[in-house]
Amino acid sequence: MLSEQAQDAGQLSTAGQRYCIGIVGAGSIGCYLGAHLCQDNALDVKFFGRETMALELAAHGLSVTSFDHHSYFAQPVAFYSSLNSLIECDVVLLTVKATALVPMLSQLKRFLRPDVPVVAMQNGIGIGEMLNQDLANPVVRAIVPFNVVKSSAGQFHRASAGAIVWQQNSYGVVNYIIQTLQQLKLPVQLCANITAAEYGKLLLNLNNALNAISGLPLLQQLLDRKWRLLLAAAMQEWLSICRNAGVKPLAYTALPNVLLPWFLRLPTAVFRHVAGKMLTIDAHARSSMSDDIRSHKRTEIMFLNGAVVRMAQLQQIAAPVNSVLVEQIKRLESGEAALPIDELLHQAGLKA
Ligand SMILES: NC(=O)c1ccc[n+]([C@@H]2O[C@H](COP(=O)([O-])OP(=O)(O)OC[C@H]3O[C@@H](n4cnc5c(N)ncnc54)[C@H](OP(=O)(O)O)[C@@H]3O)[C@@H](O)[C@H]2O)c1
C-alpha cells in the first residue's frame, strides 16, 4: 500500500515514465534509501548486493525505522547478486564503501549504459575525482549526514538526524529521487558547493578512526577528555588545510565548525553540560570503522584521515595528529594493538 506522500511523488514523474533505480552495494545506506524509494509506484527499484543480503531480505522483507518514528516496509524487493541487470537502470545510487569502489568500477563499466548518472554516496575526499577518472558516466555526489545501523535481520534503523546533501545537478531522474525522498519525510538539501559539503562531513568523520583506536563505545570515548583533545587537534589540522585551500567546510552541527575544537577541549563536566542532547547516543554505539576493525575488514581510513595527510603534504604543512591516527588504524588492520592514549598524546605532541 502506498503512502499518500508517495502517491503525490508518483504524480510528479515524467508522464508514463517508470524510472529504474539501481542501488549498488545494498548494505545499511543502500537498503535504507531503497526501502523509501520502493514506496513510489513510478520507480522500479533494483537492489544489487551480496547473496547473504538477498536471502535475508527474501526471508524477512525490508523494513526501515527512524529515530523520528518514520517507518517503511518493502516486500518483495528485486535483489540481484549479479550486476547483469544494471543495463536496465536509469540511475545508480552507489552505496558500497569507498574501499570497494575500485573493483566495482570495472563492473559498472561493463554493465551500465554510458549516459546513466551515478550518485556516489561514500564518506570521504576524492571519491568523485576517482570515479570521474575511470568512468565515462556522469557522477553526482551525495553526502549522508546521519547514521544507519542494521537493527535486526532485514531491518535498518536511522539513529540520528540530518538532511542528505545532494550536489546540484540537471539530471531529471536524480532530481526526481531527491523530490521523492523529501516527500517521504527524508530531509534533503541541494548544494552548489559539494566540496564544502564533503570537507565539512570529513571534519566529523575524523572521529571514526579515534573511536576505533580507543576500542571504547562512542559515548564513553567522547566523555574522556584525553580522546577529545586528540580529536580537537585532528580537527584543527583539517580546518587549517581547508583554510589554505580556500574552502569553508559546511557545518553539520549547531556549533560553527571553527568552535568545535574549543568545545571538545572543555573540561568534561562543562562539555557534558554544553553538549546536552548531542550526547544522546546509544551506550553501545561505536563508529563504523570500529565495526570494520572488529570484522577484520579494510577501513575507509585513506579516504578520511589519510586524505588529510595527503592534502597536508600537497600544501607542504604538517599534520602530525592525523598521521599518527592513520598509522594506528593501519596497525589495527594488520592485527596489531593500538598504542595507549597517553602514548598517542605524546606522539602527537599534546599534553592532557
Ligand atoms: N552506515 C552509515 O551510517 C553511513 C552514514 C554516512 C555515510 N556512510 C557511507 O556510506 C557508504 C556505505 O556505507 P554502509 O554503512 O552502507 O556500508 P555497508 O553496510 O558495508 O554496505 C555496502 C554493501 O555493499 C556490498 N558490496 C561491496 N562490494 C560489492 C560488490 N562488488 N558487489 C556486491 N555488493 C558489494 C557490501 O558487502 P561486503 O560487506 O560483503 O563487502 C555491503 O553489503 C560508506 O562510504 C560510508 O562511509 C555510511
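1. Start with Asp-115: with a relative accessibility of 52%, this residue counts as exposed (exposed means over 50% relative accessible area, buried under 20%, partly exposed in between, with a 1.4 Å probe and protein chains only). Asp-115 pairs with Arg-113 in a salt bridge whose closest N and O atoms are 4.0 Å apart (a salt bridge is a side-chain nitrogen of Lys or Arg within 4 Å of a carboxyl oxygen of Asp or Glu). Arg-113 is partly exposed, at 27% relative accessible area.

2. Before going on, keep in mind that this is a predicted model, where local features need pLDDT of at least 70 and side-chain atom pairs count only at pLDDT 80 or more, while totals for chains, interfaces and linings use all residues. Residues are numbered from 1 along each chain as its sequence is written, and side-chain values use heavy atoms, with hydrogens and water left out.

3. Now for the records. In the model, the 21-168 span is 26% helix and 31% strand, and its end C-alpha atoms lie 19 Å apart. The 193-333 span comes out at 65% helix and 0% strand, with its end C-alpha atoms 34 Å apart. Helices (H or I, at least four residues) and strands (E, at least two) are DSSP runs, numbered from the N terminus.

4. Helix α3, residues 51-60, is worth a look. Which of its residues are buried? They are Met-53, Ala-54, Glu-56 and Leu-57. Because they cover an arc of only 165 degrees around the axis, they sit on the same side of α3 (the arc is that of the directions from the helix axis to the C-beta atoms). As background, an α-helix has 3.6 residues a turn, so residues three or four places apart point the same way. The face turned away from the buried side carries the exposed residues Thr-52, Leu-55, Ala-58 and Ala-59.

5. What covers that buried side? The cover includes α2 (28-37), β3 (62-66), β5 (78-80), β9 (148-152) and β10 (155-158), where contact means heavy atoms within 4.5 Å. Just after α3, Gly-61 has a positive phi of about 75 degrees.

6. Glu-56 also has a charged partner: its side chain meets that of Lys-150 in a salt bridge, at 2.8 Å from N to O. The pair links distant parts of the chain, with Glu-56 in helix α3 and Lys-150 in strand β9, 94 residues apart. Glu-56 is buried at 16% relative accessible area, whereas Lys-150 is partly exposed at 42%.

7. Another such link joins Arg-158 to Asp-68, whose closest N and O atoms are 3.3 Å apart. Here Arg-158 lies in strand β10 and Asp-68 in the loop between β3 and β4 (72-74), 90 residues apart. How many salt bridges does the structure hold? There are 12, and Asp-44, Lys-46 and Glu-88 are linked in a network of them.

8. Last, the loop between α9 (225-245) and α10 (260-265) contains Val-258, which counts as exposed because its relative accessibility is 60%.
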